[in-house]
2 protein chains.
Amino acid sequence: MLTEKEKRAFQDYLTQEGLKFSLQRMKIFETVLAGLKHLTANEIYKNVQKKYPGIGYATIYRTLRLLCDAGFCTELKCEDGACRYEQAFVNAHHDHLICTKCGRFVEVVDPQIERLQIRLFKINGFLPQRHRMELYGVCKQCRK
Amino acid sequence: MLTEKEKRAFQDYLTQEGLKFSLQRMKIFETVLAGLKHLTANEIYKNVQKKYPGIGYATIYRTLRLLCDAGFCTELKCEDGACRYEQAFVNAHHDHLICTKCGRFVEVVDPQIERLQIRLFKINGFLPQRHRMELYGVCKQCRK
DNA sequence: CTAAATATTGATAATGAGTATCAATATTAT
DNA sequence: ATAATATTGATACTCATTATCAATATTTAG
């Protein structure tokens, strides 16, 4: 369930951008924020349909874009070709450890790596914007 | 142009795997190895067509897969949704600095980061396999 | 060297993720 | 309550990639 703070933040964003409120948008927001896992657009679609049958695919994509633009969630282009979304309301930046057997995602941040990345940008004359780092391996469970 | 060593390595791989030699495969191999840039399948297709008109799309994709499996090239899933390929015959592992304005790719490796990545795998109980790291920013030229 | 066995090819249909279009509907401001 | 405007759902479309399959090429065995 959404907290009041989250709901308000979303509604404020809509108002601020001159966008309209809709139940569909709220349901999608809710699903994304509730999502513990890294869901594809299709998974989110099916999930939202449970609470709001009749919602269209296009609305899912449109709203996911909106949520990403707003900074409420981030998009992660995966190796299987689909995008996965994760809420960024509570979560700060992080990278991913991904199990190549079971697909499990582990969120990680290494401040030292972050610092060295900035150094790499600088050394090469780049103005840093963002990065993505994915570490693929086999998790403990899957090695047994 | 391909060196004898490269040609031989490719032919040896085919033989070893019980695959057949074909001019198409060799032309694609040649194009990929010659490619300095990070080409999409479509760019490789157009490139190969110059030397070998009549080649089909499917053959491009099939052969790129083969080359990746063989380790002669690597696939890079880009943000624009297409894959880009780069030869891995001479090139060792590296990550990418990508300019978000002009699209320029700079290949980078930071041994310290590599070491810290391994540490991250270990800390989380993962058996390391591979990783990808992309740093997005604005290059010197584009900042002017 | 030839023929049979088998892999590869090119054309094209199919898939799957994501986007564009547009008339119907809902929200907001007046 | 109404007019102005944004959003929606259905669906057609795009684009990258994969699957299918008959025709063709390569390899192997004789």
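Of the atoms of DNA strand C within 4 Å of the protein, 74% belong to sugar or phosphate, and the rest belong to bases. The model is predicted: local features require pLDDT of at least 70, side-chain atom pairs count only at pLDDT 80 or more, and totals for chains, interfaces and linings use all residues. Residues are numbered from 1 along each chain as its sequence is written, chains are lettered from A and ligands numbered from 1 in the order in which they are written, and side-chain values use heavy atoms, with hydrogens and water left out.

DNA strand C is surrounded by 20 residues. The closest are Y61(A), K20(B), S22(B), R25(B) and T59(B). A residue is near a strand if one of its heavy atoms lies within 4 Å of it. The surface near DNA strand C holds 9 nonpolar, 5 polar and 6 charged residues. In this division, Ala, Val, Leu, Ile, Met, Phe, Trp, Tyr, Cys and Pro count as nonpolar, Asp, Glu, Lys and Arg as charged, and the others, Gly among them, as polar. α4 of chain A, α2 (23-34) of chain B and α4 of chain B each supply at least two residues of this surface. α4(A) gives the most, with 4 residues. Helices are DSSP runs (H or I, at least four residues), numbered from the N terminus.

A polar side-chain atom of K20(B) lies 2.5 Å from a base oxygen of DNA strand C.

Sugar and phosphate make up 75% of the atoms of DNA strand D that come within 4 Å of the protein. The largest share of the surface near DNA strand D, 4 residues, comes from α4(B). S22(A) places a polar side-chain atom 2.5 Å from a phosphate oxygen of DNA strand D. The side chain of K20(A) has an N or O atom 2.5 Å from a base oxygen of DNA strand D.

Chain A can be laid on chain B with an RMSD of 0.2 Å, by a turn of 179 degrees and a shift of 0.0 Å along the axis. This is the relation of a two-fold axis. The superposition is by least squares on C-alpha atoms of residues with pLDDT of at least 70 in both copies.

Notes:
A polar contact is a pair of N or O atoms within 3.5 Å; within protein, one must be able to donate a hydrogen and the other to accept it, and residues adjacent in sequence count only if both atoms are side-chain atoms.
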